[in-house]
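Visitor: I have this one open and would like to go through it. Please keep it plain.

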Amino acid sequence: QVQLVESGGGLVQPGGSLRLSCAASGSTASIYAVGWYRQAPGKQREFVATISTGGRTTYADSGKGRFTIFRDNDKNTVYLQMISLKPEDTAVYYCNRDPPVWQWGQGTQVTVSS
């Protein structure tokens with residue numbers, strides 16, 4: 001079973017940037033597509049972005065042009081670079097396999113507020 005540890009969240013002002021990291025344990029983690037998901041207070045968890053093993057990326061409309069997902073297979077880590085952050089990006093961000101069949105980690109809180 002792959003274990004996931006998300007990090008890199010924090011409090012940032014609107015227009016700011018953050019880079020989230022998703023470290024996956026297990027040597028087989030690099031052979032799967034991995035996605036980022038988020039859950040805002042009172043809302044259902046939603047898809048943010050995904051990256052295939054070959055590096056193909058897909059983004060939700062909310063993050064297109066602002067978010068970039070990339071991976072370092074040698075480190076079993078997937079990143080989410082976020083720029084031009086908006087208050088509506090406030091959420092707990094999670095990573096998981098795409099589709100999300102692994103056990104969810106603790107997530108990392110992103111708060112965008114002035």
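Guide: One term before we start: two strands count as paired if DSSP finds at least two bridges between them. Also, keep in mind that this is a predicted model.

Visitor: OK. What is the bridge partner of Arg 38 in E5?
Guide: The partner of Arg 38 is Glu 46.

Visitor: And how many bridges are there between E4 and E5?
Guide: Five bridges join strand E4, residues 34-39, to strand E5, residues 46-51, and the pairing is antiparallel. The two strands form a hairpin with six residues between them. In that turn, Gly 42 has a positive phi of about 75 degrees.

Visitor: Which residue takes a positive phi in the hairpin of E5 and E6?
Guide: Gly 55 does, with a phi near 95 degrees, and there are five residues between the strands. E5 pairs with strand E6, residues 57-59, in the antiparallel sense over three bridges. As an example, Ala 49 has Tyr 59 in E6 as its bridge partner.

Visitor: Different topic. In what order do the strands of the open sheet come?
Guide: The order is E1-E3-E8-E7, which makes four strands with antiparallel pairing. The edges are strand E1, 4-7, and strand E7, 67-72, each of which pairs on one side only. From one strand to the next, the twist averages 15 degrees.

Visitor: How many bridges hold E1 and E3 as a pair?
Guide: Four, between E1 and strand E3, residues 18-24, in the antiparallel sense. Val 5 stands opposite Ala 23 in E3.

Visitor: Which side chains along E7 are buried?
Guide: Phe 67, Ile 69 and Arg 71, which point to one face.

Visitor: How many disulfides does a search of the whole structure find?
Guide: One. Cys 22 and Cys 95 form the disulfide, with their sulfur atoms 2.0 Å apart. Cys 22 lies in strand E3 and Cys 95 in strand E9, residues 91-97, so the pair ties together parts that are 73 residues apart in sequence.

Visitor: Why is the disulfide called right-handed?
Guide: Because the torsion about the S-S bond of Cys 22 and Cys 95 is about 75 degrees.

Visitor: Is Cys 22 buried or exposed?
Guide: Cys 22 is buried, with a relative accessible area of 1%. Cys 95 is buried too, at 0%. The cut-off for buried is under 20%.

Visitor: Last one. Where is the place of Gln 3?
Guide: Gln 3 sits in the segment before E1. Its relative accessible area is 57%, so Gln 3 is exposed, the cut-off for that being over 50%.

Visitor: What is Gln 3 in contact with, leaving aside its neighbours within four places in sequence?
Guide: Gln 3 is in contact with Ala 23, Ala 24 and Ser 25.

Terms used: Residues numbered from 1 in each chain as written. Predicted model: local features only at pLDDT ≥ 70, side-chain atom pairs only at ≥ 80, totals over all residues. Heavy atoms only, no water. Axes fitted to C-alpha atoms, helices over the stretch in contact; angles between N-to-C directions. Buried < 20%, exposed > 50% of the residue type's maximum accessible area, 1.4 Å probe, protein only. Disulfide = S-S within 2.5 Å. Contact = heavy atoms within 4.5 Å.
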